[in-house]
Amino acid sequence: MERAIAAAEQWSDCGERDKGENARARYGLLTPGSSSTYTGKIGEIMGAYHDQLQRLAEQIRKRLPHVHGEESTKQALILPFIAALGYDIYDPTEIRPEYVADFAKKRPGGPAEKVDYAIHLGGTPVIFVECKAADVALHNFSGQLARYFNATPACPVAVLTNGVKYMFFTDLEERNILSEKAFFEFDILNFTEAEVEVLESFSRERFNPSGVREQAEEIIYTSKISGYIGSILRSPPENFTRFVLGELSVFAGKRLTPRVIEKFTPTIKRAIQATLLDMATRSIKDQAEQKTEPPVVAPPPKVDVVATLPPPPVIKVEDKSQAPAAPTAPTAPTGPAAPTAPAAPNIVTTAEELEALDIIRAICADSPVSPSSPILHKDTSSWFTISTISIRRWFVRLYFNQRKKSIFTKVSPEQAKALSPGFEVDKGFVYINSVKDLYRLRPLLLLAYEEAARQTEPAEAEAG
């Protein structure tokens with residue numbers, strides 16, 4: 001641990017200054033008045049850092065066709081990346097170009113070997129960066145980089161890059177001997193949120209030299225485990241299917257033959273997909289609850305008034321000889337004829353609507369709020385309303401009397417679209433082909449139901 005201990009001691013002397021902010025501002029990575037100090041929630045910080053890298057990626061994508069040679073790659077691609085990590089590329093005590101270590105020997109007939117950049121903290125090198133031209137494919141190992149790393153115990157990280165791809169190395173197999181395989185790779189033109197989180201651990205604000213080796217091991221193990229789990233979830237193998245069925249009481253004492261395994265493998269695959277989507281839904285819901293509630297689309301005021309929400313309503317009539325009167329403006333009723341009369345002859349509850357109600361009841365029964373939030377319903381001439389606790393707390397409306405069946409929830413149109421993959425979604429309306437499609441909309445229906453159940457004071461205008 002000599003390398004880690006020496007780096008940690010030097011790092012502790014660096015203080016809390018942030019030299020890299022000016023450099024990042026120069027490259028458009030920080031807006032005026034913004035700060036690189038960690039405040040607020042980690043999720044918000046990660047989002048901001050991801051946005052910074054996205055802006056840098058766009059700059060690099062535009063510059064790449066005009067970059068030729070190693071020196072151009074350094075200036076146009078690599079230095080902005082180092083600046084994005086928070087290091088001050090204009091401070092020669094922090095970023096030392098063409099770094100020559102004390103051990104460097106002169107090559108016969110040539111100058112001493114150099115490493116392109118040595119990033120220093122507290123006067124000690126903590127990251128060596130070897131640069132190649134943008135059009136050069138990176139090999140998995142660099143002998144020159146290894147010689148510098150092996151002879152500098154205080155430096156825990158070495159990076160090989162061509163300005164687009166960054167390969168991170170450390171001494172995983174043997175102390176003070178650079179491993180031949182990178183423990184982390186980052187592509188500035190193609191990265192994920194998870195990769196951004198790993199990369200940020202090498203930023204000036206979060207870099208912990210003493211924990212690099214442990215972090216590298218965790219990255220490698222996590223990557224391998226994630227890959228294995230991902231392959232199982234995408235295509236469940238026979239032993240996994242057999243394990244799942246064996247854990248279910250319905251198969252207790254029964255022989256799991258190859259035919260049974262083959263029959264239930266597609267079912268398990270669909271169940272995995274539904275579970276992952278449900279987990280993603282709950283994550284979206286948790287994020288939404290942390291934000292201000294979006295404005296709710298105001299529903300039409302009375303059951304006898306034609307709906308103002310698209311698509312236009314079609315009045316259902318059981319007896320064509322008793323066609324209802326033309327709808328009027330929503331004015332206060334006069335006389336004994338109340339518009340909410342329960343036995344209105346023009347309202348017919350169809351078998352499809354009742355089947356949809358049963359499906360939605362079954363879906364909502366899996367929610368933790370179900371015991372205290374009963375499902376209610378009310379049919380009108382324009383839609384079939386499903387609510388919870390009170391008829392005012394509606395969470396889904398069924399438009400089954402239209403040419404194209406659809407449902408409408410109080411979930412925002414953006415969330416409704418995200419939670420309805422494979423469906424046509426327009427202004428919050430989700431169009432379906434059959435009632436059975438509601439099973440595929442389970443995440444959307446659960447979110448709408450739980451949001452309605454948690455309402456405190458539903459507005460009077462939301463009735464029915």
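The largest nonpolar core of this predicted model has 45 residues. Leu53, Phe186 and Ile188 are the residues with the most contacts inside this core. Helix α4, spanning residues 70–84, supplies the largest share of the core, namely 8 residues.

**Nonpolar cores**
- Leaving aside neighbours within four places in sequence, Leu53 is in contact with Ala84, Phe186, Ile188, Phe191, Val196 and Leu199.
- In soluble globular proteins, nonpolar side chains tend to be buried together.

**Gln402 and its surroundings**
- Gln402 is found in the loop that runs between strands β9 (390–399) and β10 (406–409).
- With a relative accessible area of 13%, Gln402 counts as buried because this value falls under the 20% cut-off.
- The side chain of Gln402 is joined to that of Asn401 by a polar contact of 3.0 Å.

**Overall architecture**
- The protein contains 12 helices and 12 strands.
- Of the contacts between residues at least 6 apart in sequence, 61% join residues at least 24 apart.

**Burial and surface**
- Of the 464 residues in the protein, 44% are buried.
- The accessible surface of the protein comes to about 24,800 Å², and carbon and sulfur atoms account for 55% of this surface.

How values were computed. Residues numbered from 1 in each chain as written. Predicted model: local features only at pLDDT ≥ 70, side-chain atom pairs only at ≥ 80, totals over all residues. Heavy atoms only, no water. Helix = DSSP H or I, 4+ residues; strand = E, 2+ residues; numbered from the N terminus. Buried < 20%, exposed > 50% of the residue type's maximum accessible area, 1.4 Å probe, protein only. Polar contact = N/O pair within 3.5 Å; in protein donor to acceptor, adjacent residues only side chain to side chain. Core = buried A, V, L, I, M, F, W, Y, C linked by side-chain atoms within 4.5 Å. Contact = heavy atoms within 4.5 Å. Areas by Shrake-Rupley, 256 points an atom, 1.4 Å probe, with all protein chains shown as cover.
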